[in-house]
Amino acid sequence: MATATSIIRSPAILLFDKGTVSDQNTPSPFQAPKFSLNRRRFTALSSSLHDGNNINDGSNKITKAVGLEKLFEDSPFDVSKDSPLHPRPLTSTQLSNTISYGPRLRVAYQGVRGAYSEAAAEKAYPNCEPVPCDQFDAAFEAVEKWLVDRAVLPIENSLGGSIHRNYDLLLRHSLHIVGEVKLAVRHCLLANHGVRIEDLTRVLSHPQALAQCEYTLTKIGLSREAIDDTALAAKHVAFEKLKDTGAVASSTAAKIYGLNILAEDIQDDCDNVTRFLMLAREPIIPGVEKPFKTSIVFSLEEGPGVLFKALAVFALRQINLTKIESRPLRNQPLRASDDSNNASKYFDYLFYVDFEASMAEERAQNALTHLKEFATFLRVLGSYPVDTTML
């Protein structure tokens, strides 16, 4: 059986199956491993990619955010061994320096200009070049294909709950969580200039935004129509010059698309916060100099008390759990109970857990060593600094 130390010798993905660990031949704990030089390095695309939201194509149609196909066009690569921009695992200190003083990172987000995700990307990486993507999948793939340096994507909202799509994509892709950022979401009711609230009959926005403003929109008497994201709703209202339709979006979107703000802070709860994950191709090396959080995913055999045992490995070591999310295991059919007297069927589940500890801490290493003794699958998604900034 591998020792606890072997779990963190390489900051690469930790992936255990049936309780076994593949030991890494790295020289010592916390030393950055050497990565293959065959990886291709993307050099910066034309800044016109960031303006992929331009909507006047001669047919008055809306062009959505840059899709992955667009990102691939005419993309030069090099394989320079000594390139200073070649990503390598960062320590938490290096990560902080990159945010404040490093080269301008290209950061993918889902949506169009003015989206809350763009604001989160700019909060996470103040000097970045935000790159809009039309879908969550495209943002993941853009990082994997070296087209951008990072992705910042929502994972949960204080009112709407978890974004299940991104939980599934975390498992499907091989990216690492390198940080988190929390953003206060303040919805506004937007319309074209000259349009009054009483002129409106319907409102467009993302389904979660509409749900978060349900009381206000019902009081006004507006029908609701879902669209891919809040900023795209604002963009549609502006460029179609709609007189009977408003949008629920940010004040930034109002400025970008030239709309009037009819009402501010229309969300039903003032404490409306979305938590975003910062994703990269390589993990950061965990530290203990600041509060850290670790995210894992695992599966268990079905049986009484198995989940209790899994969670007990953290309680026994005084490790606080901040998030537990279960998702059905895809491509796994329903299974019948082994009890012949009970014809019930059940799902196989994946459990996503966030806990307050760094993988540099012995107690976190021991907890995962204990967990892998009865987990059928275990993967560390990332160990990263907690966002303690004011919203």
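Which strands does helix α9 lie across, and at about what angle does it run to β13? The close-ups below take this up in a predicted model.

**View 1. Helix α9 on the sheet.** Helix α9, residues 230-239, lies across β10, β11 (202-205) and β13. The helix runs at about 150° to β13.

**View 2. The five-stranded sheet.** The sheet is open, with strand order β12-β11-β13-β10-β14. Its pairing is mixed. Strands β12 (223-226) and β14 (260-264) form the edges, each pairing on one side only. From one strand to the next, the twist averages 30°.

**View 3. Pairing of β10 with β13.** Strands β10 (residues 188-191) and β13 (residues 245-249) run antiparallel. Three bridges join them. L190 has A247 as its bridge partner in β13.

**View 4. The largest nonpolar core.** This core has 46 residues. Y125, V152, L170 and L279 have the most contacts inside it. Helix α5 (residues 136-144) gives the most to the core, with six residues. Another core, of 20 residues, lies apart from it; I319, V353, A364 and L368 are among its members.

View 5. C128 counts as buried because its relative accessibility is 6%, under the 20% cut-off. C133 is buried too, because its relative accessibility is 0%. With a cut-off of 2.5 Å between cysteine sulfur atoms, the disulfide count comes to zero.

Key: Residues numbered from 1 in each chain as written. Predicted model: local features only at pLDDT ≥ 70, side-chain atom pairs only at ≥ 80, totals over all residues. Heavy atoms only, no water. Pairing = 2+ DSSP bridges. Helix = DSSP H or I, 4+ residues; strand = E, 2+ residues; numbered from the N terminus. Axes fitted to C-alpha atoms, helices over the stretch in contact; angles between N-to-C directions. Contact = heavy atoms within 4.5 Å. Buried < 20%, exposed > 50% of the residue type's maximum accessible area, 1.4 Å probe, protein only. Core = buried A, V, L, I, M, F, W, Y, C linked by side-chain atoms within 4.5 Å.
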